[in-house]
Amino acid sequence: MYYVVTTAILVTMALALTRALVGPTVYDRVLAVNMFGTKTVLLVAIIAFLSGRPDFLDLALAYALINFVGVLAVLEFFQKKRHFGRRS
Amino acid sequence: MKYFGLYNYWVFTLLLMIGLYAVIAKANLVKKLLGLSIFQSAVFLLYISMAKVDGGTAPIIQHADEPQVFSNPLPHVLILTAIVVGISTIALGLAIVVRIREEYGTIEENEIQARDRDR
Amino acid sequence: MIVDVISFVLLALGAFFVFMGGLGALRLPDLYTRMHAASLTDSLGTILTLGGIMLQSGWSLATVKLLTILFFLMMTGPTASYALANAALLSRDDDAPALPPATGGRE
Amino acid sequence: MITAFGFVLLTLLVVTAVAIVVTPNLFVAVMLMSIFSLLMAATFFLLDAADVALTEAAIGAGMSTILFLGALALMGEREAKQAGRQRWLPLAVIALTAFTVIYATFDKPRLGDPAAPVHQHVAPWYLEQTPVLMEVSNVVTAVLAGFRAYDTLGEVLVILTAGIGVMLILANGRPDLSRQGRASASVGLRHHLIPRVVGQLLIPFIVLFGLYLQFHGEFGPGGGFQAGAIIAVGIVLHALLEGEAAGRAILPTPVLVGLMTGGALLFCAVGFAGMLLGGNFLDYAVLAANPVAGQQLGIHLVEAGVGITVTGTLVAAFHAFADREPAA
């Protein structure tokens with residue numbers, strides 16, 4: 001069953017990557033990146049169990065915490081762009 | 001079957017060349033830095049692939065008494081530090097690009113060279 | 001034994017929802033519907049999958065870590081979706097898509 | 001089966017890399033780079049490199065995206081059309097090189113071959129002696145901060161130098177580093193209530209997790225580099241949420257400079273302490289009465305130095321970009 005879930009996650013990663021490649025808007029790509037992050041957390045958690053080293057869940061924890069900051073950085077980027085774009 | 005074991009190295013080669021292409025063929029300086037990043041990652045992949053041992057696990061000893069197979073810790077150490085050094089040097093490169101943008105008004109290599117020639 | 005069955009059912013459902021989310025994000029017609037598909041199934045798929053693993057791991061440090069991961073994902077996932085939708089909505093005057101028509105519709 | 005998963009990830013890596021190079025929008029390229037890094041980290045994890053995957057996660061998914069976006073905010077995100085630029089020559093060069101390198105891979109031992117030359121020389125010695133000499137379970141940490149600490153010292157100095165370089169390059173016209181930046185433009189995400197509340201809630205957890213990695217690095221994946229990167233992300237998150245000025249207020253530039261240099265100095269000091277006590281440079285065995293305890297003390301101190309320098313450098317680099325206004 002682990003294999004089924006892993007396969008589903010990998011297929012979803014491929015789908016999300018397709019979305020990131022075709023766009024069409026930048027927001028679609030950010031959405032894809034965000035999806036990708038969650039899928040990586042799940043993938044790492046499952047592989048940690050498959051390989052019998054549940055102590056490596058630390059990695060999944062790191063992803064879960066860090067990914068969010070990336071999205072906020074994107075938000076701040078858009079905001080900055082709008083701010084400076086309007087001024088000039 | 002033998003060739004499946006080389007797939008990692010082929011991907012390494014492709015990534016290396018994709019990164020190299022961005023560095024030599026793209027005029028945009030940020031694109032060049034992204035290419036450099038890919039190039040770096042390719043090298044990381046090569047080292048980590050070499051460290052893998054069949055049936056092994058990450059080199060963190062759990063139970064000292066039972067024998068376990070571990071992957072090679074040395075490439076891990078080299079790459080671990082290289083990743084952090086990589087981001088610092090990329091930051092330095094980005095800083096230089098930002099200054100170039102402020103001085104020249106562009107980050108395209110050919111436009112920068114054209115402006116230099118006009119001086 | 002029963003725990004095994006339950007956890008396998010959870011994992012199977014998790015796999016289904018994860019896949020559905022990916023399919024929705026790829027196939028739906030515009031940004032807002034795609035975001036809807038992606039974020040809802042992300043949450044559900046995560047709960048089910050991590051829940052399935054938790055049942056397998058029993059009472060151990062791993063379960064606590066999994067719970068922590070689940071907690072953080074539940075906090076950050078919806079927030080990230082909100083932030084993204086907000087950014088897209090605010091900047092719709094420049095390059096972002098307009099609000100979807102009430103009836104929906106294909107591109 | 002896991003090998004097959006690895007193949008899928010590697011194939012996705014190549015697709016992403018091509019897309020990064022091809023896309024004309026730099027913002028999209030940075031987003032794809034973040035996906036690339038996530039894929040790379042998952043691949044490292046599948047290849048049994050937990051420590052490396054952790055570093056790649058902390059750096060690639062977090063800091064690298066943040067720094068690229070910070071730089072992109074200062075310039076246009078469109079790549080100009082390259083009219084009249086030769087394309088066949090670079091393509092021919094890389095095709096030829098790719099062919100040569102792939103031809104060379106046929107002489108390489110296959111993936112995971114235990115008889116490969118790399119596994120014969122020093123690595124078995126490290127794996128054997130680490131539990132004996134240091135009683136540390138994470139061999140990567142033992143090699144990084146113990147056996148090859150001299151190497152790591154060099155890396156830390158490179159990071160420090162790069163950080164100083166970024167600060168100096170972007171401090172044009174105001175060499176007075178102690179002055180508060182003119183970052184009035186950035187108000188952060190203060191008026192986005194939900195992200196702000198959730199973000200503020202996460203900061204202590206991120207920093208706590210970083211500290212856990214710092215001090216747990218001897219027993220599980222972790223260590224100074226990973227911890228430094230993650231703590232830096234936590235501090236950067238505060239600056240993103242509350243605006244540049246507030247972000248700078250918690251760690252003013254002099255403090256950051258102090259952290260950057262202090263960490264490297266701590267590393268050197270441990271080395272010289274070993275010399276003063278009659279050992280070699282960076283010989284920890286003499287630091288305590290018991291050689292094993294001395295080794296562990298030395299590793300702790302050195303890892304702390306690494307963590308401090310990495311945190312300082314990454315945060316300083318972020319501020320250097322975020323503090324600037326785009327040129328007209």
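# Helix packing and chain contacts

User: How are α1(A) and α1(D) set relative to each other, roughly parallel or roughly antiparallel?

Analyst: In this predicted model, α1(A) and α1(D) share one orientation class, roughly parallel. The axes of these helices, each spanning residues 2–22 of its chain, come within 11 Å and cross at roughly 5°. Because angles under 35 degrees count as roughly parallel, the answer for α1(A) and α1(D) is roughly parallel.

User: Which pair of chains has the most contacts among the 5 pairs that touch?

Analyst: Chain B and chain C are not joined by any contact, their closest C-alpha atoms lying 15 Å apart. Between chain D and chain B, by comparison, the contact draws 96 residues from chain D and 81 residues from chain B, and the area buried there is about 8,000 Å², with 76% of it given by carbon and sulfur atoms. Among the 5 pairs that touch, the most contacts are found between chains B and D.

User: Which helix of chain D gives the largest share of the side that touches chain B?

Analyst: The polar side of this interface comprises 17 residue pairs in polar contact, both residues being at pLDDT 80 or more, and the salt bridges between chain D and chain B number 3. One of these joins D54(B) to R110(D), with the closest N and O atoms 3.1 Å apart. The largest share of the side of chain D that touches chain B amounts to 12 residues and comes from residues 50–72, helix α3 of chain D. By class, that side of chain D has 64 nonpolar, 17 polar and 15 charged residues, and the helix asked for is α3 of chain D.

User: At what angle do helix α5 and helix α12 of chain D pack?

Analyst: Helix α5 covers residues 123–134 and helix α12 residues 291–322 of chain D, and their axes are 8 Å apart. Their crossing makes α5(D) roughly perpendicular to α12(D), and the contact is made by V132(D), L133(D) and M134(D) of α5(D) with V292(D), Q295(D), Q296(D) and I299(D) of α12(D). These residues divide into 5 nonpolar, 2 polar and no charged, and the packing angle is about 105°.

Definitions and conventions: Residues numbered from 1 in each chain as written. Chains lettered and ligands numbered in written order. Predicted model: local features only at pLDDT ≥ 70, side-chain atom pairs only at ≥ 80, totals over all residues. Heavy atoms only, no water. Contact = heavy atoms within 4.5 Å. Buried area = accessible area lost by both parts, 1.4 Å probe. Salt bridge = Lys/Arg side-chain N within 4 Å of Asp/Glu carboxyl O. Polar contact = N/O pair within 3.5 Å; in protein donor to acceptor, adjacent residues only side chain to side chain. Helix = DSSP H or I, 4+ residues; strand = E, 2+ residues; numbered from the N terminus. Nonpolar A, V, L, I, M, F, W, Y, C, P; charged D, E, K, R; others polar. Axes fitted to C-alpha atoms, helices over the stretch in contact; angles between N-to-C directions. Parallel < 35°, antiparallel > 145°, perpendicular 65-115°, else oblique.
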